[in-house]
Amino acid sequence: MSRPDSLMIFAAGFGTRMGALTRDRPKPMIDVAGRPLIDHALALGAAAGIGRIVVNLHYKPETLRAHLAGRGVALSEETPDILDTGGGLRHALPLLGAGPVFTLNSDAVWTGPNPLARLAAAWAPDRMDALLMLVPAAAARGHAGTGDFLPDAEGRLTRTTGGAGRALVYTGAQIIRTDGLADVADRVFSLNLLWDRMIAEGRLFGLTHPGGWADVGTPEGIPLAEAMLAEAADV
């Protein structure tokens with residue numbers, strides 16, 4: 001099984017934590033450092049050489065549809081209901097194709113090495129069902145949590161409730177096998193369901209991002225992300 005060549009960018013959410021900023025637009029169209037969040041995500045995919053990019057839509061889809069027109073991006077429209085990450089990924093599979101795929105949240109900004117390229121270089125399908133990009137909790141700008149996973153010496157992940165010194169935060173970038181999606185009876189479900197199965201089988205792995213990462217899920221995350229980008233530009 002070779003490196004994936006399809007990327008799913010999650011962009012369907014309501015962005016409720018953004019308050020008034022998402023009253024008339026979806027969260028991926030909020031500007032950070034002069035360009036919409038969705039363009040930051042698309043740039044990562046292009047720089048990593050990924051051939052097929054799919055973006056899912058639900059909340060105020062017409063804005064994203066118009067912005068992405070003519071850019072070679074396939075659109076997976078979720079109607080009448082939003083499907084969460086697992087349901088959304090399964091719904092997009094006819095556009096993504098068979099085999100493992102990259103997924104990327106659209107509400108984060110990165111500096112340093114391209115996270116998708118690093119995931120591709122580390123992907124080992126003989127022992128992994130998913131490979132998640134992570135950052136130390138202390139380095140996760142704009143993120144209030146204390147960590148999601150703990151790695152062992154080989155990078156294999158287990159859950160943590162936070163508080164541990166080695167706790168890592170999931171950044172929203174990963175490679176994941178999609179065959180397990182067919183076994184889920186629910187139409188709306190999170191990819192956490194697949195991750196928990198993978199943890200039980202010892203096949204969920206993580207990689208730590210050495211650069212900067214900022215969560216732009218709230219208005220407070222915007223200046224934090226812009227400051228991080230400015231710092232990287234000055235180096």
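## D196 and its salt-bridge partner

Let's start with D196, which is partly exposed at a relative accessible area of 40% (partly exposed lies between buried, under 20%, and exposed, over 50%, with a 1.4 Å probe and protein chains only). D196 forms a salt bridge with R159, and their closest N and O atoms are 3.0 Å apart (a salt bridge is a Lys or Arg side-chain nitrogen within 4 Å of an Asp or Glu carboxyl oxygen). D196 sits in helix α5 (residues 192–200) and R159 in strand β11 (residues 157–159), so the bridge ties together parts 37 residues apart in sequence. R159 is partly exposed too, with a relative accessible area of 35%.

A word on the model: it is predicted, so local features need pLDDT of at least 70 and side-chain atom pairs count only at pLDDT 80 or more, while totals for chains, interfaces and linings use all residues. Numbering runs from 1 along each chain as its sequence is written, and side-chain values use heavy atoms, leaving out hydrogens and water. Helices (H or I, at least four residues) and strands (E, at least two) are DSSP runs, numbered from the N terminus.

## Other salt bridges

The count of salt bridges comes to 11. One of them joins the side chains of R71 and D39 at 3.1 Å, N to O. This pair links distant parts of the chain, 32 residues apart: R71 is in the loop between α2 (61–68) and β5 (74–77), and D39 is in helix α1.

E77 is partly exposed at 31% relative accessibility, and R65 is partly exposed at 33%. Elsewhere, D129, R177, D179 and R203 are linked in a salt-bridge network.

## Nonpolar cores

The largest nonpolar core holds 36 residues, of which I38, L116 and L119 touch the most other members (a core is a set of buried Ala, Val, Leu, Ile, Met, Phe, Trp, Tyr and Cys residues joined through side-chain atoms within 4.5 Å). Helix α1 (residues 37–47) gives the most to this core, with four residues.

Leaving aside residues up to four places away in sequence, L116 touches L7, L44, G45, A48, I50, F102, L104 and A173 (contact means heavy atoms within 4.5 Å). A second, separate core has 23 residues, among them V54, L89, Y170 and V184.

## Strand β12 and its neighbours

Strand β12 (residues 168–176) is mostly covered, with nine of its nine residues buried. Strand β6 (residues 101–105) pairs with β12 in the antiparallel sense over four bridges (pairing requires at least two DSSP bridges between the strands). Within β12, I175 is the bridge partner of F102. Strand β8 (residues 130–136) runs antiparallel to β12 and is joined to it by six bridges; L131 stands opposite I175.

## Helix α6

Helix α6 (residues 221–234) has 14 residues and reaches 20 Å from first C-alpha to last, close to the 20 Å expected at 1.5 Å a residue (the expected span is 1.5 Å times one less than the number of residues). Its buried residues include G221, I222, A225 and M228. These cover an arc of only 130 degrees around the axis, which puts them on the same side of α6 (the arc is that of the directions from the helix axis to the C-beta atoms). Their cover includes β2 (31–32), β7 (108–110), β9 (140–141) and β14 (213–215).
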